[in-house]
Amino acid sequence: MAKENLMDKIVSLCKRRGFVFQSSEIYGGLGSCWDYGPLGIELKNNLQNFWWREMTQLHDNIVGIDAAILMHPRVWEASGHVEGFVDPLVDCRQCKTRFKAQDLIGQWRAKKKLDTLADADIPEGSEGDVAALRVIRWGDAVCPNCGTHGSLTAPRLFNLMFKTFMGPVEEAASVVYLRPETAQGIYVNYLNIMNTARLKIPFGIAQVGKAFRNEITPGNFIFRTREFEQMEMQFFVRPDDGDPWLEKWRDERFEFYIKLGIRKEKLRLHQHTPKELAHYAKAAYDIEYEFPFGWQELEGIHNRTDFDLRRHAEYSGKDLTYFVEETRERFVPHIIETSAGLNRTLLVVLLDAYAEDTQEGELRTVLRLNPKIAPIKVGVFSLVKRDGLLEVADRIAQDLRPVCSVFIDHQGSIGRRYRRMDEIGTPWGITVDYQTLEDQTVTLRDRDTLEQIRVNTVQLPQIIRERLAD
Ligand code: ATP
């Protein structure tokens, strides 16, 4: 399947079947904001719960938190976001297009327009871009959108944090930010959590929550949006243990996506070069997925050293050191961060699961989702609507509801009902027919193998429970 095509198919499937809708659609939509419909929220919750179980329940030293989105404004000064979370922007006075300066530099590099870059010795990478920003003759450059010469402005800094005001007065003193990452809510609570949960280093704190970034170039459906959700786990270690823990978490997080059912050949690790490292990181890896629009980051794993806790200690005036009773040692813990996007992972899950094949001469669309995250686990159908078959199907559905999400469908041919379930990734279909009335057996159909077996109705809850277990 053509790559561009796949993305279109996912967007259309999401809308058609109620996974994801454009926000405020009846008003023409709001740029880069999306709403999750009945199937989308089931899938997102399942994904979140899958992550949560992997990251907290299966570890004895990782606990959770849910911090507020609005935080003290000093947090963002300490974190470096007020000063550093900026993208230089360039506007075209002619066609009014707005560019990220970095993107323009990238385009010119690719075309080897060194006259615009003005200096052939500018190094590659982000450091080179910073140098380029200063030396480029912006006034002489050509706008790539409209071709006008001399219409670009010099780059201006643009902070990606959303601002709002707390309380009734809109003045500088009441500015607060919508958090651009969930991590800081963990750092500022580290002592509270450590003391109340009686944790000893090494330990981790996990959080899933909304983050907001006024991205200049959002897009690719739910890949990059201005409002999104992160799944983060911050792991606190001894200062000299950072490197081995970074590797451990890198490997464990990579394995997570395999467990989730993502094809291994579509995943890769990218180690940050010194030039790529964020200001707070000593070493970092990205887990990347091959999206239809290229390899892109899905999760970042960083060794943030003691940067965050030191900064918060400095800005808050509080002692954030860790004390080891036995050895009387005192130190600022180092932090290994694993930070994944929930919505971006949901997109990966859909892209990776999407398949088309031909069944009985008809094209079938199927989402081969891991059953654990499938929005609906079982479809229940009765062959016909008469002779008491409907009632039996309803009873089976009732018995299964405490075990998993069930959908009853009595419309159309059995083949069409199966296909509707395949398209939304429902792993199993149960069909009640005349034989059911005689021997209490039903057909249990598997979405992937298409195998159909007859099982006794009383065994169904147990069978489904077992199939959903590890
Ligand atoms: P990018 O380079 O793609 O902007 P980043 O390196 O700034 O991402 P982090 O700050 O490390 O991203 O955030 C961790 C994760 O949060 C990313 O790997 C991604 O999955 C998710 N994420 C970040 N920004 C967005 C966004 N605008 N929309 C959706 N998900 C996002």
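Between which two strands is the loop where Y27 is found?

A: Happy to! Keep in mind that what you see is a predicted model. Y27 sits in the loop that runs between β1 (20–22) and β2 (34–36). Is Y27 buried or exposed? Count the other C-beta atoms within 10 Å of Y27 and you get 8. A residue with 12 or fewer counts as exposed, so Y27 is exposed. For a sense of distance, take L178: Y27 and L178 are 151 residues apart in sequence, and their C-alpha atoms are 24 Å apart in space.

The protein has 470 residues, and 32% of them count as buried. Its secondary structure comes to 16 helices and 23 strands. Along the principal axes, the C-alpha atoms fill a box of roughly 80 × 70 × 50 Å. If you look at contacts with a separation of 6 or more, 64% of them involve residues 24 or more positions apart.

Next, the sheet. Seven strands form an open sheet, and you can trace them in the order β3-β9-β10-β16-β13-β12-β11, with mixed pairing. At the edges are β3 (62–64) and β11 (267–271), each of which pairs on one side only. From one strand to the next, the twist averages 25°. Zoom in on two neighbours in that order: β13 and β16 pair in the antiparallel sense over five bridges.

With 23 other C-beta atoms within 10 Å, Y289 is buried, whereas Y27 is exposed. Who are the partners of Y289? Leaving aside neighbours within four places in sequence, Y289 is in contact with K266, L267, Q296, L298 and V348. R263 is another residue to look for: Y289 and R263 are 26 residues apart in sequence, yet 9.6 Å apart in space, C-alpha to C-alpha.

Helix α12 (residues 342–353) packs against helix α2 (residues 38–57) at an angle of about 110°, with the two axes 10 Å apart. Angles of 65 to 115 degrees count as roughly perpendicular, so α2 and α12 are roughly perpendicular to each other. In that contact, L43, K44, L47 and Q48 in α2 meet L342, T345, L346 and V349 in α12. Sorted by class, the α2 and α12 contact has five nonpolar, two polar and one charged residues.

Now for the exceptions. I201 and P202 are joined by a cis peptide bond, with omega about 5°. You'll find P202 in the loop between α9 (190–196) and β9 (203–212). F221 isn't a glycine, but has a positive phi of about 60°. The spot for F221 is the loop between β9 and β10. F221 has 20 other C-beta atoms within 10 Å, and 20 or more is the cut-off for buried, so F221 is buried.

T305 also has a positive phi without being a glycine, at about 50°. Look for T305 in the loop between β13 and α11 (307–316). Here the count is 19 other C-beta atoms within 10 Å, so T305 is partly exposed.

How values were computed. Residues numbered from 1 in each chain as written. Predicted model: local features only at pLDDT ≥ 70, side-chain atom pairs only at ≥ 80, totals over all residues. Axes fitted to C-alpha atoms, helices over the stretch in contact; angles between N-to-C directions. Helix = DSSP H or I, 4+ residues; strand = E, 2+ residues; numbered from the N terminus. Parallel < 35°, antiparallel > 145°, perpendicular 65-115°, else oblique. Contact = placed C-beta atoms within 7 Å. Nonpolar A, V, L, I, M, F, W, Y, C, P; charged D, E, K, R; others polar. Pairing = 2+ DSSP bridges.
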